Amino acid sequence: VKPLGIFDSGVGGLTVAKAIHNVLPHTDILYVGDTEHMPYGDKSPETIRGYAKKITSYLVGQNIEALVIACNTASAHAYPFLRASFPDLPIINMVDPVINYIKKNYSGKAISIIATRGTIQSGVYPARIRDCCPETRVFTLATPLLAPLVEENLGNSIVIRGILEHYLDKPPIHESNLLVLACTHYPLLINEIENYLGQSVHVIDPGLLVAEAVSELFPGNPNAQPGELTCLVTDYTESFEQIARRIFSPDLRLSNIKLPE
Ligand code: DGL
């Protein structure tokens, strides 16, 4: 059985891999964290498309069943490009399952989206929500300090409260019905964000929606052996390994790969 290919700039996509593993425990996963080029959030769309194409070529060479773009920035800038470049490969992005969820549950309500600068500047979420649910109010905000905070493993530290206050202490956010964590690093801060906002704002981890979408498309074989996660990085660092273990499992091992030029 072929593995599922998943990529992100760093550890964030492991939150998606984990959600997929929870619903599809028998599916093998091949994960690439492009740590050499992290962060993606401040790079240009062309640059992101170049990285995404290289990683996808590599994963296609590993004979994957399908690709999950476990990065909102790459989903925003590179999804149509990857579809055109790899027409035979099924590709799942981070945005579509969120749009379907909003259509079903939050049409006509107030929604806030937090993400990297790249995702926010792409305008993909407001455009897609306007198309499906024109009555819905959308507030978007770039929160570029949050992903590095996760990469530095500072989610539980005293700095988090001040940073959340700096970003989230805004009426449109407090008055939202839904806050979408539209960067795959952010679910690692979901408890802190929920505590900060209180119960009136529902905070959603899109990785769970993506995992559901993947399991509908590729239900796998429930009689197979337990699935394995192979975790590859383009630039090995100890801190990545530590966070990856915390997210996925304590015996996770990383391997370094060099993507062909
Ligand atoms: N995890 C990536 C995302 O979902 C962004 C982190 C980065 O800037 O590299 O957008």
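This report covers the ligand site and the aromatic side chains of a predicted model.

Residue numbers start from 1 along each chain as its sequence is written. Local features need pLDDT of at least 70, side-chain atom pairs count only at pLDDT 80 or more, and totals for chains, interfaces and linings use all residues, while side-chain values use heavy atoms, without hydrogens and water.

**Ligand site**

The residues around the ligand include Asp8, Ser9, Tyr40, Cys71, Thr116, Thr184 and His185; a residue counts here if one of its heavy atoms lies within 4 Å of the ligand. By class, the shell has four nonpolar, seven polar and one charged residues. Polar contacts (pairs of N or O atoms within 3.5 Å) include these:

| Residue | Protein atom | Ligand atom | Distance |
|---|---|---|---|
| Asp8 | polar side-chain atom | nitrogen | 3.1 Å |
| Tyr40 | backbone N or O | oxygen | 2.7 Å |
| Thr184 | polar backbone atom | oxygen | 2.9 Å |

The protein covers 98% of the 300 Å² of accessible area that the ligand has on its own. Accessible areas come from the Shrake-Rupley method with a 1.4 Å probe.

**Aromatic side chains**

The structure holds two aromatic pairs. In one of them, Tyr101 and Tyr106 have ring centres 5.9 Å apart and planes at 40°, so the pair is tilted. Rings pair if their centres lie within 6.5 Å; planes under 30 degrees apart are stacked, over 60 edge-to-face, and the rest tilted. Tyr101 is buried at 17% relative accessibility. Tyr106 is buried too, at 13%. Buried means under 20% relative accessible area.

Lys18 places its charged end over the ring of Phe248, 5.6 Å from the ring centre. That term requires NZ of Lys within 6 Å of the centre and within 35 degrees of the ring normal.

Technical notes: Phe/Tyr/Trp six-rings, centres within 6.5 Å; stacked < 30°, edge-to-face > 60°. Buried < 20%, exposed > 50% of the residue type's maximum accessible area, 1.4 Å probe, protein only. Polar contact = N/O pair within 3.5 Å; in protein donor to acceptor, adjacent residues only side chain to side chain. Nonpolar A, V, L, I, M, F, W, Y, C, P; charged D, E, K, R; others polar.
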